[in-house]
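Open the structure in your viewer and keep the selection panel at hand. This tour goes stop by stop, saying what to select and what is there.

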Amino acid sequence: MRIATRLASRTAASSMVVAAALAFVGFQAAGQTASAATAKASSAVACTTANTKLTVTEVSRPINHLLLKATNTGTKPCYAYSAPYLRAGADAQAPLPWTEASTPQSVVTLEPGQSAYAGITTSSPEGEGGGTEKTLGVFLADKKGNPASAEKTLKLPNGGIFFNSAATVTYWQDNAADALVW
């Protein structure tokens with residue numbers, strides 16, 4: 001009986017040593033993975049008009065909406081911070097307000113070739129005034145939410161789009177469907 005107990009104790013002790021060693025190796029591997037992710041994240045830059053292609057298109061649904069698409073044309077990942085600053089028309093005095101309800105849980109990261117989307121509500125019956133605008137000025141934001149790059153002027157579809165005081169823009173989203181639900 002004593003021999004069986006000693007054998008069981010040695011087996012249990014060996015198993016615990018092996019388990020501890022495997023746990024340590026797993027901990028080291030997890031640390032290396034986290035280090036690699038941190039290194040990759042530190043090589044990312046802010047999305048700017050220099051490393052991003054911007055396009056604006058009209059969508060059929062919902063009505064009075066446009067879709068702004070930003071595609072990373074650079075060689076490094078870039079962060080699409082906050083929401084774009086938009087100027088509807090060359091004479092606009094202030095950017096369109098951001099739709100606060102569309103704030104994402106994290107910054108949208110674009111690998112080279114990937115896109116982010118912002119939905120633009122151009123007008124609503126509740127809005128006042130307005131006019132047809134032919135261009136859309138776009139500034140991208142930096143990490144602090146300030147305009148980070150030179151303005152990119154885009155031509156609006158159909159020779160012009162009607163904007164009134166109800167016009168807003170969403171924060172950047174990682175897919176077009178989410179950008180248009182606000």
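Two strands count as paired if DSSP finds at least two bridges between them. Helices (H or I, at least four residues) and strands (E, at least two) are DSSP runs, numbered from the N terminus. This is a predicted model, in which local features need pLDDT of at least 70 and side-chain atom pairs count only at pLDDT 80 or more, while totals for chains, interfaces and linings use all residues. Residues are numbered from 1 along each chain as its sequence is written, and side-chain values use heavy atoms, with hydrogens and water left out.

**Stop 1: the whole chain**

Color by secondary structure. The chain holds two helices and eleven strands. Their order from the N terminus is α-β-β-β-β-β-β-β-β-β-β-β-α. Of the 182 residues, 35% are buried; buried means under 20% relative accessible area, exposed over 50%, and partly exposed in between (1.4 Å probe, protein chains only). The chain exposes about 10800 Å², and carbon and sulfur atoms supply 59% of that. Accessible areas come from the Shrake-Rupley method with a 1.4 Å probe; for residues, only the protein chains shown count as cover.

**Stop 2: strand 4**

Select 78-88, which is strand 4. Is it enclosed or open? Nine of its eleven residues are buried, so strand 4 is largely enclosed by the rest of the structure. Strand 1 pairs with strand 4 in the parallel sense, over two bridges. Here Val45 has Cys78 of strand 4 as its bridge partner. Strand 5 pairs with strand 4 in the antiparallel sense, over three bridges. Look for Tyr79 opposite Thr109 in strand 5. Strand 8 also runs antiparallel to strand 4, joined by five bridges. There, Leu86 is bridged to Val138.

**Stop 3: the disulfide**

A disulfide is counted when two cysteine sulfur atoms lie within 2.5 Å. A search of the whole structure finds one. Which parts of the chain does the pair link? Cys47 lies in the loop between strand 1 and strand 2, and Cys78 lies in strand 4, 31 residues apart. The link is right-handed, with 80° about the S-S bond. Cys47 is buried at a relative accessible area of 3%, and Cys78 is buried at 0%.

**Stop 4**

Select strands 2, 3, 6 and 11. They form an open sheet in the order 2-3-6-11, with antiparallel pairing. Strand 2 and strand 11 (168-169) stand at the edges with a single partner strand each, so one side of each has no neighbour in the sheet. Inside, strand 3 and strand 6 pair over seven bridges. Find Ala70, whose bridge partner in strand 6 is Ala116.

**Stop 5: the nonpolar core**

Show side chains for Val56, Leu68, Leu86, Ile120, Val138, Phe163 and Trp172. Among the 26 residues of the largest nonpolar core, these touch the most other members. Such a core is a set of buried Ala, Val, Leu, Ile, Met, Phe, Trp, Tyr and Cys residues joined through side-chain atoms within 4.5 Å. Strand 4 gives the largest share, four residues.

Finish at Phe163. Leaving aside neighbours within four places in sequence, its contacts (heavy atoms within 4.5 Å) include Leu66, Ala88, Ile120 and Leu156.
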